[in-house]
Amino acid sequence: MSANLSALFYLVSGILFILALRGLSSPETSRQGNYFGIAGMVISIIVTFLSVGNFGPGLIYVLIFLIIGGSIGAFIAFRIPMTAMPELVAGFHSLVGLAAVFVAISAFLKPEAFGLGFVDQIKLASLIEMSLGAAIGAITFSGSIIAFLKLKGIMSGAPITFKGQHLINLFLGLTIIFLIYFLCRSQSSNLFWSIILISFILGVLLIIPIGGADMPVVISMLNSYSGWAAAGIGFTLENTALIITGALVGSSGAILSYIMCKGMNRSFFNVILGGWGATDQTSSSKSKEQKPVKNGNADDAAFLMKNASSVIIVPGYGMAVAQAQHALREMVDSLKKNGVKVSYAIHPVAGRMPGHMNVLLAEANVPYDEVFELEEINNDFANCDVAYVIGANDVTNPVAKSDPQSPIYGMPVLDVEKSKSVLFVKRSLSPGYAGIDNDLFYRDNTLMLFADAKKMTEEIVKSL
Amino acid sequence: MEIDPFIFRLSIFILSIFVGYYVVWSVTPSLHTPLMSVTNAISSVIIVGAIIAALSDSSESIFDTSNIYGFLAIVLAAVNIFGGFLVTQRMLQMYKKKKK
């Protein structure tokens with residue numbers, strides 16, 4: 001297949017990928033969008049086979065490896081529980097990163113196969129592109145592994161910080177740039193390996209100071225990195241499909257990071273340079289725990305909600321941990337039978353990744369038109385009888401609106417306190433991730449339900 | 001004077017960033033998780049490079065060092081392609097409208 005013809009087909013794949021993302025503008029068109037994406041991928045792979053035109057024994061090995069990887073991927077995709085989506089996505093990002101590193105390595109070892117010159121005489125532009133692709137890929141790989149370990153709970157979600165951390169990162173980043181410069185002058189393979197090694201270390205150091213609840217930003221950021229790594233390789237291979245995809249994924253991840261930061265009213269650098277959890281707030285919260293709280297049980301909650309005309313559910317990460325989404329749906333079903341109007345309010349940073357709560361509710365068969373975003377529903381709290389807060393904490397804290405001293409001041413929060421009564425399901429009075437006490441616990445219209453989110457919801461279902 | 005083909009690729013790249021910017025802003029927030037899994041799947045089009053690496057002719061054997069890196073990259077990218085698209089499909093099947 002001629003180079004021009006295959007370039008045209010790669011362009012078609014790129015356009016199909018754009019349409020795949022376009023489909024996600026509404027759930028109705030999203031499934032079709034996914035098929036566009038699959039079509040684009042199939043075209044790219046077939047065109048590559050035809051343009052390489054090598055149908056020797058190597059092709060059989062390629063197909064075997066393709067099938068091995070594909071079956072592993074398919075197996076994971078069918079088996080993974082929806083609550084584990086954040087770590088799955090982090091894991092997948094690491095694979096893209098490592099694949100980019102491997103492709104860059106083989107291009108460096110055998111540039112003639114890619115038409116980039118010869119060993120020790122690689123074209124300057126290609127050398128810059130492949131080393132950038134390899135460096136970003138390596139950072140994506142090791143960073144995603146750390147994110148994966150933190151999300152999976154193998155590694156503590158607490159931020160790991162030490163003195164001079166940011167200086168070391170800066171130094172490593174500059175070292176990578178210097179090494180790329182010297183690589184271009186000497187073509188030495190030792191420098192190429194050093195760039196990859198240092199990038200692996202930098203990836204680890206970049207992610208360890210970021211705490212558990214900032215994970216939505218981290219995942220989006222790594223999503224973006226994996227895109228830039230792909231684009232770097234795309235430039236090396238002079239492949240349009242890869243360049244378009246890299247740009248799409250890179251900007252997609254960047255926008256998601258921006259949305260997540262805005263949801264916390266924090267700057268991107270503030271998140272990247274280390275978490276809130278790093279500041280020790282325990283001393284101040286101890287004295288506050290003496291304040292009186294109203295303690296309720298499942299029957300009280302059931303009574304309140306049954307007699308309400310409208311209920312808004314506020315889910316958070318705690319719902320995902322307790323796997324309470326199915327019990328919640330049952331509760332809502334019986335409330336609806338009693339003529340109660342129920343809707344769901346989702347904060348942008350609820351959960352551990354963008355859109356995490358929406359997927360869990362969709363899994364529990366909650367229709368997506370009952371689920372609303374912060375701006376859409378925030379005014380409705382004033383007219384609602386009961387707000388049922390399940391597994392959320394900081395995103396409901398009224399302090400963010402009233403106390404300029406508070407670390408979360410200015411963060412957009414759900415106006416839960418405006419509803420006539422608040423049911424707050426939580427295991428204890430301990431502060432949330434931001435390390436600050438939630439004022440909502442001590443309000444007159446708040447009834448605390450101290451229990452596991454799933455057990456409490458199930459008990460409420462029983463007494464309904 | 002002839003324009004370096006690199007400039008054309010750079011133009012495609014920058015225009016695609018703009019396309020990506022507008023397309024991603026129009027994605028509904030409730031589909032942000034499928035957005036991440038599908039972007040993950042499509043970025044595995046890097047498999048194109050892996051296939052070229054794996055199939056590149058070598059004088060000695062098909063398991064030259066650079067071919068081996070190609071084969072490894074094929075496995076990684078294939079996990080992502082199948083895993084990414086299928087898990088996205090699984091998620092999107094769950095989004096249902098209210099039955100009336």
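Q: Which residue forms a salt bridge with Lys401(A) at 2.7 Å between the closest N and O atoms?
A: In this predicted model, local features need pLDDT of at least 70, side-chain atom pairs count only at pLDDT 80 or more, and totals for chains, interfaces and linings use all residues. Side-chain values use heavy atoms, without hydrogens and water. A salt bridge is a side-chain nitrogen of Lys or Arg within 4 Å of a carboxyl oxygen of Asp or Glu. With its closest N and O atoms 2.7 Å apart, the partner of Lys401(A) is Glu417(A).

Q: Where in chain A does Glu417(A) lie?
A: Helices (H or I, at least four residues) and strands (E, at least two) are DSSP runs, numbered from the N terminus. Lys401(A) lies in helix α17 (residues 399-402), so its pair with Glu417(A) ties together parts 16 residues apart in sequence. Glu417(A) itself is in the loop between α17 and β7 (421-426).

Q: Is Glu417(A) buried or exposed?
A: Buried means under 20% relative accessible area, exposed over 50%, and partly exposed in between (1.4 Å probe, protein chains only). Lys401(A), at 36%, is partly exposed. Glu417(A) has 14% relative accessibility, so the residue counts as buried.

Q: What is the N to O distance between Asp214(A) and Arg266(A)?
A: Asp214(A) is buried at 0% relative accessibility, and Arg266(A) is buried at 8%. Their side chains meet in a salt bridge, with an N to O distance of 3.0 Å.

Q: How many salt bridges does a search of the whole structure find?
A: One of them joins Lys123(A) and Glu238(A), with N and O atoms 3.9 Å apart. Over all chains, the number of salt bridges found is ten.

Definitions and conventions:
Residues numbered from 1 in each chain as written. Chains lettered and ligands numbered in written order.
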